[in-house]
Amino acid sequence: MEIANIFIYGASGHGKVVYDCAISSKINVQGFIDDDPLKQEFLGCKVYKSTEISKDWVIIVAIGSSQIRKRIVDSLDVNFGIIKHSSSILSSHTVIHGGTVFFHNTVVQSGSEIGEHCIINTSSIIDHDCQLGNYVHVAPNAVLCGGVKVGNSSWIGAGSTIIQGITIGNNCTIGAGSVVINNIPDNAVVVGNPGKIIKYNNE
């Protein structure tokens, strides 16, 4: 859902960057939402409490943690927008689902599909025909080569590379700078070049 006005849930560092993305695309930020009692104003915008949310608001949840982001989304009965920084390059043949944000200088190529409430962070590249599940976070400068599949709630670390055709399972963590050359099962934590599983998130 592309919109002209939005509320940002999360008056924090991540929220600052989402704010900049919105402003760059001429989306009016009507306010932030945060339950910290000390936060009354943020970046010149009013801070609302979660109890003040109206069903007619359009919201982006600006929380880096996939698990916390999902918990907040599940608690809300509102519409969720899509924000694309003006410097991002997205193919017109890409499918994008609600709640997702594309940061500065991101590239998404033809045939890819990006799930709900994803974070496509600064200068990351998603090549052709990739499929990302919901609540995926692609960190700065990560590269997903053609045909990569990433499961729900997985984290692709900064500067990592996933070679073509690889499947990453649900709830995986790919460490910063890793090079993934094999399929990765659910919940795996992967580091290194070549990437190796060192533990599982459910252990």
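Helices here are DSSP runs of H or I with at least four residues, strands are DSSP runs of E with at least two, and both are numbered from the N terminus. This is a predicted model, where local features need pLDDT of at least 70, side-chain atom pairs count only at pLDDT 80 or more, and totals for chains, interfaces and linings use all residues. Residues are numbered from 1 along each chain as its sequence is written, and side-chain values use heavy atoms, with hydrogens and water left out.

Let's start with the overall layout.

How do they meet? In domain 1, 20 residues are in contact with 19 residues of domain 2, where contact means heavy atoms within 4.5 Å. The size of an interface is often given as the accessible area lost when the parts come together. Here domain 1 and domain 2 bury about 1500 Å² between them, and 67% of that is on carbon and sulfur atoms. That buried area is the accessible area (1.4 Å probe) the two parts lose on being put together, summed over both. As for salt bridges between domain 1 and domain 2, the count is zero.

Strands of a sheet pair through backbone hydrogen bonds, either parallel or antiparallel. In this model, two strands count as paired if DSSP finds at least two bridges between them.

Strand S1 (residues 5–9) pairs with S5 in the parallel sense over three bridges. Along that pairing, Ile-8 sits opposite Ile-60 in S5, and Tyr-9 sits opposite Val-61 in S5. S5 also pairs in the parallel sense with strand S6 (residues 79–80), over two bridges, and there Val-58 stands opposite Asn-79 in S6.

Buried means under 20% relative accessible area, exposed means over 50%, and partly exposed is in between (1.4 Å probe, protein chains only).

S5 also belongs to a right-handed β-α-β unit, together with helix H2 (residues 66–74) and S6. Right-handed means that, with the strands pointing away from the viewer, the path from the first strand over the helix to the second runs clockwise.

**The parallel sheet**

Another open sheet of six strands has the order S8-S11-S14-S17-S20-S23, with parallel pairing. Its edge strands, strand S8 (89–90) and strand S23 (179–180), each pair on one side only. S23 pairs in the parallel sense with strand S20 (residues 161–162) over two bridges, and Ile-162 stands opposite Val-180 in S23.

**Salt bridges**

The structure holds three salt bridges. A salt bridge is a side-chain nitrogen of Lys or Arg within 4 Å of a carboxyl oxygen of Asp or Glu.

| Pair | N to O distance |
|---|---|
| Lys-39 and Asp-34 | 3.8 Å |
| Asp-77 and Lys-55 | 3.3 Å |
| Asp-74 and Lys-70 | 2.8 Å |

Asp-77 lies in the loop between H2 and S6, and Lys-55 lies in the loop between strand S4 (45–48) and S5, so this pair ties together parts that are 22 residues apart in sequence. Lys-55 is exposed, at 63% relative accessible area.

Asp-74 and Lys-70 are four residues apart in helix H2, so about one helical turn separates them. Asp-74 counts as exposed at 52% relative accessibility, while Lys-70 counts as partly exposed at 36%. In the other pair, Lys-39 is partly exposed at 23% and Asp-34 is buried at 15%.

Most residues other than glycine have a negative phi, and most peptide bonds are trans. Asn-141 has a positive phi, near 65°, and lies in the loop between strand S16 (137–138) and strand S17 (143–144). Asn-141 is partly exposed, at 47% relative accessibility.

Ser-153 is not a glycine either, yet its phi is positive at about 65°. Ser-153 is in the loop between strand S18 (149–150) and strand S19 (155–156), and it counts as buried at 17% relative accessibility.

Where is the cis peptide bond? It joins Asn-193 and Pro-194, with omega about 0°. Pro-194 is found in the loop between strand S24 (188–191) and strand S25 (196–200).
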